[in-house]
Amino acid sequence: MAAENRRVSESTVETVHIVRPNHLNSSGRLFGGILMQWIDEVGALAAKRHCRGNVTTVSVDNLHFIRGAYPGDDIIIKGKLTHVGNTSMEVKVDTYVEETNGEQTLINRAYLTEVALGHDDRPVRVPRLITETEEERQEWDKAVQRRELRKIQKAGGF
Ligand SMILES: CC(C)(COP(=O)(O)OP(=O)(O)OC[C@H]1O[C@@H](n2cnc3c(N)ncnc32)[C@H](O)[C@@H]1OP(=O)(O)O)[C@@H](O)C(=O)NCCC(=O)NCCS
């Protein structure tokens, strides 16, 4: 599974949803649990595209609901890898509302850690990630910091 190195651009994901009545909470906004499902699906698909195998989500952090979404809104969700460890991959998932003029407003940002699983359902090594742009290299550096924070939190039982 881990034979090749792959570019960030090879595993990017973009999905589109329209906010419908069955997606709403009692306040008439997009229910956060529905958005989290869509985000999780994007994170997993980006990771699968990178490792070309099965994955599972082990953590979601820095999930920020920046603004609400409402019936009829067009929701665009974009996922891309920012970092790979030995068996884990970090995916940044940004969610936007797209206006009729094409302008996209960020409404949510989350970082998911996905782990590649082998046939025995245990973690397996993933391909290395090729960062090609300055932005991708900066994302990598910040992801390294987040990974350290996660380790501290896990060790502390948070
Ligand atoms: C994902 C899972 C297989 C990892 O098992 P594990 O015994 O912790 O395996 P490891 O300790 O070897 O960790 C594997 C990788 O996950 C990372 N990891 C483990 N716990 C983590 C956490 N809480 N946050 C972020 N990364 C974590 C490790 O750092 C390691 O990454 P690396 O190989 O890149 O260094 C296991 O925790 C699991 O099955 N969790 C449930 C996942 C699931 O069902 N998700 C769906 C939710 S319904």
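This report covers the sheet, its packing helix and the ring contacts of a predicted model.

## Sheet layout

The sheet is open and has 5 strands. Their order is β2-β4-β5-β6-β3, and the pairing is antiparallel. β2 (13–18) and β3 form the edges, each pairing on one side only. Neighbouring strands are turned by 25 degrees against each other on average, direction ignored.

Helix α2 (residues 134–156) packs on this sheet. The helix touches β3, β4, β5 and β6. Its direction makes about 75 degrees with that of β4.

Strand β6 spans residues 104–117. Of its 14 residues, 10 are buried, so the rest of the structure largely encloses the strand.

On one pairing, β6 meets strand β5 (residues 88–98) through 11 antiparallel bridges. Glu-90 has Thr-113 of β6 as its bridge partner. The two strands form a hairpin with 5 residues between them. Gly-102 lies in that turn and has a positive phi of about 90 degrees.

β6 also pairs with strand β3 (residues 54–65), antiparallel over 9 bridges. Here Thr-57 is bridged to Glu-114 in β6.

## The β2–β4 pairing

β2 pairs with strand β4 (residues 74–84) in the antiparallel sense over 6 bridges. Glu-14 stands opposite Lys-78 in β4.

## Charges over rings

Lys-78 also takes part in a ring contact: its charged end sits over the ring of Tyr-96, 4.9 Å from the centre. Arg-146 lies over the face of Tyr-111, at 3.6 Å from the ring centre.

What does a search for aromatic pairs find? Across the whole structure, the count is 0.

Key:
Residues are numbered from 1 along each chain as its sequence is written. This is a predicted model: local features need pLDDT of at least 70, side-chain atom pairs count only at pLDDT 80 or more; totals for chains, interfaces and linings use all residues. Side-chain values use heavy atoms; hydrogens and water are left out. Rings of Phe, Tyr and Trp (its six-membered ring) pair if their centres lie within 6.5 Å; planes under 30 degrees apart count as stacked, over 60 as edge-to-face and the rest as tilted. A charge sits over a ring if NZ of Lys or CZ of Arg is within 6 Å of the ring centre and within 35 degrees of the ring normal. Buried means under 20% relative accessible area, exposed over 50%, partly exposed in between (1.4 Å probe, protein chains only). Helices (H or I, at least four residues) and strands (E, at least two) are DSSP runs, numbered from the N terminus. Two strands pair if DSSP finds at least two bridges between them. Axes are lines fitted to C-alpha atoms, for helices over the stretch in contact, and angles run from 0 to 180 degrees between N-to-C directions. Contact means heavy atoms within 4.5 Å.
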